[in-house]
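Dear colleague,

Please find below the structure that I am handing over to you. My findings follow directly after it.

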Amino acid sequence: VQLQASGGGLVQAGGSLRLSCQASGSVFSANVMGWYRQAPGKQRELVATVTNTGTISYTDSVRGRFTISRNSIRTWLYLQMNGLQPEDTGVYYCTATIGPRAYWGQGTLVTVSS
């Protein structure tokens, strides 16, 4: 399984970005796909997930501003981010969990200026 994230960049506070993650390999078997982020000097944190049954969850800080989605065959995962704030700055990683194993993409940098 390979994951390739893209769509990061520099945006002003209040702006929007859409992250994309192209997945290849046996991703149709993924139990969960999601996005994590890591801010400078902080631990990686969960942002949003979608399960194989379509159940979606968000961390409290992004609920109502971010939307996770994927295509039906799970080869693309998206994160629409609206109302971005400086605290959303970080490297965003897409992930797919298949059985007991988690796969990670290389990350895409999101920088939100105030």
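In the hairpin of strand 9 and strand 10, two residues lie between the strands, and G99 takes a positive phi near 60 degrees. Strands are DSSP runs of E with at least two residues, numbered from the N terminus. Strand 9 (residues 90–98) pairs with strand 10 (residues 101–104) in the antiparallel sense over four bridges; pairing requires that DSSP finds at least two bridges between two strands. Opposite T95 stands W104 in strand 10.

The model is predicted: local features need pLDDT of at least 70 and side-chain atom pairs count only at pLDDT 80 or more, while totals for chains, interfaces and linings use all residues. Residues are numbered from 1 along each chain as its sequence is written, and side-chain values use heavy atoms, with hydrogens and water left out.

R74 is not a glycine, yet its phi is positive, at about 65 degrees. Most residues other than glycine have a negative phi.

Is R74 buried or exposed? R74 is buried because its relative accessible area is 11%, where buried means under 20% and exposed over 50%, with partly exposed in between (1.4 Å probe, protein chains only). The side chain of R74 reaches the backbone oxygen of N52 at 3.2 Å. Contacts of R74 (heavy atoms within 4.5 Å) include A23, V27 and F28, not counting residues up to four places away in sequence.

Notes: A polar contact is a pair of N or O atoms within 3.5 Å; within protein, one must be able to donate a hydrogen and the other to accept it, and residues adjacent in sequence count only if both atoms are side-chain atoms.
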